[in-house]
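Dear colleague,

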Amino acid sequence: MPQEKTIRITIGEKTGDFACGVSVLQAVRALMGDEAHRALAVMRGGVCLELDEALTEDAQLQPLTYQDEEGRRVYERSLRFLFLLSLKRLYPDKKARMLNSVGNGLYIRLTDGEMGHDMARALEADMRSLVEQDLPFEKEVWSCEDAIAHFEREGWLDKAELLRYRPKRQMTMYRIGPLCEYFYGAMLPSTGFIRAFRVKPHFPGVVLLAPSAEAPDVPAPYQPRTKFLREFSRSQEWCGILGARNAVDVNRMIREGRMREFIRVNEALHDRSIAAIADEITSRGARVVMIFGPSSSGKTTFANRLKVHLQVLGKKPHLLSLDDFYRNRADIPLEEDGKPDLEHVDALDVPLFTECMEGLLAGRCVEMPRYDFSIGARAQQRWQLQLDRQDVLLVEGIHGMNERITSQIPEQLTFGVYVSALGCINLDDHNRIRTTDVRLLRRIVRDMRMRNTTPQQTIDMWPKVRAGEEKWIFPNQEKADVMFNTSLHYELPVLKTMAYELLLAIPQSAPEHLIAHRLIKVLNYFLPADAGVMQEIPPLSILREFVGECSFYDKH
């Protein structure tokens, strides 16, 4: 008899020989022992493999746990499926729309109607019973045409229309009982792997709570985000005004030649909001405006546009960057890998900032610092600033509302603005486009254009940026007096024209391929913007900070 083929699998420092066709889960259990339960999927090179996938050749695997972002995404996709399955079982006439993150949860509303406490409790109880049954997510390979017909029968017309833009004509559908769905990424093997969650009533919808990375075995406590949700709700209203909630709506505008008008209305809404913020700053008599938010949110362009609106109101605004208060590179705290931690609040010379603010608010002429990033040190040459009664300081930086920064400034003179790109365009009702992915696309495009940085390099440093945001920015967002959403509903077709081919060029063997592939899967469903659309983007647009030709920075 012919000898059975064996393959060699390595996970960490352990290697084993297995029969060809062994599942990833079997290999994980054999090589990881007591830690096997932590694995939610694995990486092979730059590709994510599901636990029930068969291995047919030698492989070196890296487990993805809940501490990994992709592991959390695998868990969340499966949790969303579980929620939709219970909704279909208990309330077959209801349809849900997945909206936005709230802490470690996902805010969900019905497309028609409201979800009360009784409904939330019933859904959670049914979901737990499905977890106890440990039902497998059955995978079926469908043609796009069959999937489109299925979603049309289900009444999910946005999803059916979206698949017409899919470049590949086959797809893997997931089924449990009456629900057959597609989630644009890897899933868990079965419902039994979804061990921790909670359905919290949050009228008129619910928050589907997952665990935190620090405590993966229990649902995370609910974190109220009142101002965040209010701003997101307003942005949803903008979606209604613009007639664009999902990717297919944007594509329809491109096909019908209505993109230019779409851009004008979107930009007008931005300008109106910035004008309202300027009015509020003036009415309060604020002297120091702290502008903060995560990377690639458009903080700098927002600050420049706010400056213009304050000038219209008779104010004399001055732009300051917290980056100019960085300590010399040798004095900046180090990360675990020994590199300077530029995200840490102690990377800033807080006492010097406090001294400058006290002097300016007292009416003295102050020698202001400049930081030279080319040498990683403070420049010897300073500049002078003195304020009169009509002057307003616009201070931009990620630590804008950190208590270490604001505690020495009189509260009655301070006004905080949280700036972030809170994307409201979904792929379809069940699959949102994450804010962090849009911000990463913005940064990839800007870094290529301004810093000669490749997409791989930008993707490689992104986890550190995200870790700094989670630690230093998001905990302070509710301290802001107002929030401004820099997201533009038309930006993904524009970013696609500049990033798509470069992302495609990242090989599967590269560790950055996983994130690049995830971004490509989003961009696949958007038509690219043509040259006429690009010309319509105003020179003061937030998007110009990333794609170029911005009046504030670029020479013409």
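In which helix is the place of Phe232? Phe232 sits in helix H6, residues 226–242, where helices are DSSP runs of H or I with at least four residues, numbered from the N terminus. Please bear in mind that this is a predicted model, in which local features need pLDDT of at least 70 and side-chain atom pairs count only at pLDDT 80 or more, while totals for chains, interfaces and linings use all residues. Residues are numbered from 1 along each chain as its sequence is written, and side-chain values use heavy atoms, with hydrogens and water left out.

Phe232 is buried, at a relative accessible area of 5% (buried means under 20%, exposed over 50%, and partly exposed in between, with a 1.4 Å probe and protein chains only). Leaving aside neighbours within four places in sequence, Phe232 is in contact with Leu99, Asn100, Leu422, Gly423 and Cys424, contact meaning heavy atoms within 4.5 Å. Of these, Cys424 lies 192 residues from Phe232 in sequence, yet their C-alpha atoms are 7.7 Å apart in space.

As for the cysteines, a search of the whole structure finds 0 disulfides, a disulfide being a pair of cysteine sulfur atoms within 2.5 Å. Cys144 is in no disulfide, and the nearest cysteine sulfur, that of Cys180, is 13 Å away. Cys144 is buried, at 0% relative accessibility, whereas Cys20 is partly exposed, at 34%.

Finally, Val312 belongs to helix H9, residues 299–312, and counts as exposed because its relative accessibility is 67%.

Conventions
Helix = DSSP H or I, 4+ residues; strand = E, 2+ residues; numbered from the N terminus.
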